[in-house]
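Subject: Structure handover

Hello,

The structure is below, followed by notes on what was found in it.

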Amino acid sequence: MDEKRRPPRIETDLRFISCSSSISMDSRITNISATGAFIETNELLPIDAELDLHLQLPDDPEIISIDARVVWTKAMGYAALAGMGIQFKNILPKHQEKLAAFIAYNSQSDIGSRHGTLCV
């Protein structure tokens with residue numbers, strides 16, 4: 001059996017603080033890993049659309065900048081939310097470390113603060 005290894009992914013509720021693309025301020029990241037995320041939104045961007053994400057993790061004043069692209073989309077269906085999967089393309093090593101630490105902490109903690117803010 002060929003097992004695919006994927007980076008740990010956590011459920012989250014990161015909200016937008018501002019937006020420079022067509023994504024609504026009501027959109028949110030519902031799960032995130034070190035390599036990508038799912039953005040819950042009804043305003044889907046085309047596959048391969050480029051995004052410049054600006055993410056602020058809880059209790060951290062620094063803004064994390066991430067270049068990303070849309071890799072898949074999902075329209076709203078029965079018991080399923082609409083949104084798009086994004087892949088992180090370029091992130092500074094110090095920002096990658098912060099994101100990895102946030103994910104590691106929250107994947108082991110029931111009380112973890114998984115709320116933050118996001119700018120696309």
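Which residues touch the most other members of the largest nonpolar core? Of its 23 residues, these are Ile32, Leu51, Ile86, Phe88 and Leu99. Such a core is a set of buried Ala, Val, Leu, Ile, Met, Phe, Trp, Tyr and Cys residues joined through side-chain atoms within 4.5 Å, buried being under 20% relative accessible area with a 1.4 Å probe, protein chains only. Two or more core residues come from each of strands E1 (9-18), E2 (28-33), E3, E4 (50-56), E5 and E6 and from helix H1 (93-108).

This is a predicted model, in which local features need pLDDT of at least 70 and side-chain atom pairs count only at pLDDT 80 or more, while totals for chains, interfaces and linings use all residues. Residues are numbered from 1 along each chain as its sequence is written, and side-chain values use heavy atoms, leaving out hydrogens and water.

The average pLDDT (the predictor's confidence in each residue, 0 to 100) is 78, and 72% of the residues score at least 70. Over residues 110-114 pLDDT stays under 50.

Ile86 also belongs to the residues nearest the centre of the largest pocket, with Arg9, Ala37, Trp72 and Gly85. The lining has 12 residues: five nonpolar, five polar and two charged.

Beyond four places in sequence, Ile86 touches (heavy atoms within 4.5 Å) residues including Ala37, Leu51 and Val70.

Regards

Methods: On a 1 Å grid over the protein atoms alone, a cavity is a set of points where a 1.4 Å probe fits but cannot get out, and a pocket is an open set with protein on both sides within 12 Å along at least five of seven lines; lining residues have an atom within 4 Å of a point. Ala, Val, Leu, Ile, Met, Phe, Trp, Tyr, Cys and Pro count as nonpolar, Asp, Glu, Lys and Arg as charged, and the others, Gly among them, as polar. Buried means under 20% relative accessible area, exposed over 50%, partly exposed in between (1.4 Å probe, protein chains only). Helices (H or I, at least four residues) and strands (E, at least two) are DSSP runs, numbered from the N terminus.
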